[in-house]
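Open the structure in your viewer and keep the selection tool at hand. This tour moves from stop to stop.

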Amino acid sequence: MSTARRLRIPGLAYGGDYNPEQWPEEVWAEDMRLMTEAGVNMVSVNIFAWALLEPAEGEYDFARLDRVLDLLHAHGIAADLATPTAAPPAWFFRAHPEALPVDRHGRPLSYGSRQTFCPSSPAYREAALRIAGVLGERYAAHPAVVMWHVHNEYGCHNAECFCDTSAQAFRRWLRARYGDDLAALNDAWGTTFWSQWYYDWEEILPPRATGAVPNPAHRLDWRRFCSDELLSLCTAEREVLARAAPETPATTNFMVMYNFDALDYWRWAPELDVVSNDHYLRSTDPESEIDIAMSGDLVRSLAGGRPWLLMEHSTGAVNWQPVNRAKKAGELRRNALAHVARGADGIAYFQWRAAKAGAEQWHSAMLPHAGTDSRVWRDVVALGADLEALAEVRGSTGTAETAVVWDWDARWALELPSQPSEQVRFLELTRSWYEPLWRAGVAVDFVRPDADLSAYRLVLAPSLYLVDDAGAANLTAFAERGGTLAVGFHSGAVDENCHVRLGGYPGAFRTALGVRTDELFPLLPGETVGLTGGGTASLWTERVEPAGAQPVTSYTDGPLAGVPAVTRHAHGDGVAWYLATLPDPSTLAALLTRIREEAGVRPVHPHVPPGVEAARRRGSDADYLFLVDHGGTGADVAVAAGAVELLTGEPAAHGSVTVPPGGVAVVREPHGT
């Protein structure tokens, strides 16, 4: 966030998507009254209103939006004003049918929903920048507008388009990436394989449907291009708005959640004044609180350790999963405050008022179909009071001694076809390592492979299949300088072009880890092997030969009986661990506990009972300890002298605070106590 562009609202932001255009104007007065009752202080407006603002090309009707913004300002509610470019109107597609996206099978898609445009379409870009510019000029000085909301959920439905216009844009991107050197591209893509050599840039197409497995380097560059192409749209809109209102911050809502991987947010985050995220629970996840924490830690890391905004989540059920469950009693509050615990300086929902028509009519909202006589509404009002009580938390940051390596290139490359095992998935593997840290209350940052690691004692790389030379050197140098590095199987295997690093696995990390693998033995679904010490392993094994490393755990059966499964190697002034398999959860937890304790990494609180999540934010004068009871039994937790529980305003009596069953406590602990 730039110094000149900070969000100008006091305390923590609270609100949601507000879509008054869906309702008769007489409903708006009730909206204002109820928003005030709930403690709402900021709403996102205009996200899907393009068709109403511009009924014909170049013809505008701002009367409705004028009245909405004036009404919000009169009631002390700030506006996060969106450019409505996620849903172009029907007239645009009638005039520009070439702007519709095409799937990899060559089938054009139709308009009639949202985000059905080709990201490379010149006509779309021109229309989007035009409406953004008109909005910016009209509302730059409006007192309600405190932030620009650029587009909405870039790439959610149209991350890829395979049309001829996209092919031309892809070729331009490739020429820039490879310095207009076609020989360099052929080398990077390994096109001597399967007679794929290119003699002219015009021969290169997007990775459309073919009869066999696509070239992995081709497919990887395509994923990079698609992320960059959408980013170019975002930055173009942001620049138009910045010219109109130089001091107003801009954001767009990321989707750091379990089911979205289309964009490289390490490249996106520096382009925003405020990093925002949308996060929704997976109904089939029995411990979705872990996903909330992992997402929050990653978003805070994308924001450079600074606070961020939760732009969307749900009060209850969503509408787009096979089965959409409501949240249990207390879950709305726990979810929201868990995001605050991980650095969110604002909590917002989709949406303010539940829709009575349209594709999302069964999506929950702050004001449900049942109205104010509902548990959801009572919970929404109570949460507003909680966030007001936590106003002083705003601006405080997280502190972590442990970093987990996260890289979108590595994720994309790992999940391309023709891997040794399609069961190996980046997100699931990373979460399996993150989960025991979360249970132990260990603070975690996420980092790029080339990040500055000087602030950390422990760096974990659960899944880094692809890594370039600079990233690999950075991680191994961390161990050489005295840090503790732990690397998961199938990491370091290929370079940035998906070329296998020859000479044995794990490729880039062989020397630092002190091991060499000559053959991989992935396991079948459901298959396990025993480990010395009584545990089991699944998913993956490999024939590891120590080359200086000491075996810690070995296989007790199967074709690799007696072969090391986990090793430890002194490297420079530090230590490098290799996990050549996936131990069962309790064995993995014990192993990671040993690794982090040897590294000197402590939990954020030394004595938190099982079932209670602990996270800490650090302010200028005090720490804020968040305690969230997911187990439903409650707990008494020791806290520092002079501590105050902020949600009740009560001093912590007798040096402890009580976390109610299924509840939350937030404790201010003054520095120096």
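**Stop 1: a hairpin**

Select β23 and β24: a hairpin of 3 residues connects them. Keep in mind as you go that this is a predicted model. β23 covers residues 612-618 and β24 covers 622-629. The two strands run antiparallel and are joined by 7 bridges.

How many of its residues are buried? The count is 8 of 8, so the strand is mostly covered. Colour Ala622, Tyr624, Phe626 and Val628, which point one way from β24. Then colour Asp623, Leu625, Leu627 and Asp629, which point the other way. Both sets are buried.

β24 has another partner. Select β29, residues 664-670: 7 bridges join this strand to β24, and the two run antiparallel. Here aspartate 623 stands opposite glutamate 669 in β29.

**Stop 2: the glycine in the loop**

Go back to the loop between β23 and β24 and pick glycine 619. Is glycine 619 buried or exposed? Its relative accessible area is 17%, and glycine 619 is buried. The cut-off for buried is under 20%.

What does glycine 619 touch? Leaving out residues up to four places away in sequence, the contacts are Ser396, Tyr624 and His671. Valine 393 and glycine 619 are 226 residues apart along the chain, yet their C-alpha atoms are separated by 7.3 Å.

**Stop 3: an open sheet**

Next, select the 7 strands of an open sheet. Their order is β12-β11-β13-β14-β21-β20-β19, with mixed pairing. Find the edges: β12 (444-447) and β19 (550-554) each have a single partner strand, so one side of each has no neighbour in the sheet. On average, neighbouring strands of this sheet are turned by 20 degrees against each other, direction ignored.

Zoom in on β11, residues 402-405. Thr402 and Val404 point one way from this strand, Ala403 and Val405 the other way, and all are buried. On one pairing, 4 bridges join β11 to β12 in parallel. Valine 405 stands opposite valine 447 in β12. β11 also pairs with β13 in the parallel sense, over 3 bridges. There, the bridge partner of valine 404 is leucine 460 in β13.

Move along to β14 (residues 484-488) and β21 (residues 574-579). These strands pair in the parallel sense over 5 bridges. Pick glycine 488 and look across to leucine 579 in β21, which stands opposite.

Now show helix α15, residues 469-480. Which strands does α15 lie across? They are β11, β13, β14, β20 and β21. The helix runs at about 140 degrees to β14.

**Stop 4**

Select helix α12, residues 375-389. At 1.5 Å a residue, its 15 residues should span 21 Å. The end C-alpha atoms are 21 Å apart, which agrees.

Which residues of α12 are buried? Pick Trp377, Val380, Leu383, Gly384, Asp386 and Leu387. In an α-helix, residues three or four places apart point the same way, because there are 3.6 residues a turn. Then show what the buried residues of α12 pack against: β1 (13-18), α1 (26-38), α11 (331-341) and β9 (344-349).

**Stop 5: rings**

Show the aromatic side chains. The structure holds 30 aromatic pairs. Start with phenylalanine 117 and tyrosine 124, a stacked pair. Their centres are 3.8 Å apart, with 10 degrees between the planes. Both phenylalanine 117 and tyrosine 124 are buried.

Next, pick tyrosine 154 and tryptophan 268. The ring centres lie 5.4 Å apart and the planes stand at 55 degrees, so this pair is tilted. Tyrosine 154 is in the loop between β4 (145-149) and α6 (164-177), while tryptophan 268 is in helix α9 (residues 265-268), so the pair ties together parts 114 residues apart in sequence. Tyrosine 154 and tryptophan 268 are both buried.

**Last stop: a charge over a ring**

Finish at tryptophan 23. Arginine 353 lies over the face of this residue, at 5.3 Å from the ring centre.

Technical notes:
Residues numbered from 1 in each chain as written. Predicted model: local features only at pLDDT ≥ 70, side-chain atom pairs only at ≥ 80, totals over all residues. Heavy atoms only, no water. Pairing = 2+ DSSP bridges. Axes fitted to C-alpha atoms, helices over the stretch in contact; angles between N-to-C directions. Contact = heavy atoms within 4.5 Å. Buried < 20%, exposed > 50% of the residue type's maximum accessible area, 1.4 Å probe, protein only. Expected span 1.5 Å × (residues − 1). Phe/Tyr/Trp six-rings, centres within 6.5 Å; stacked < 30°, edge-to-face > 60°. Lys NZ or Arg CZ within 6 Å of the ring centre and 35° of its normal.
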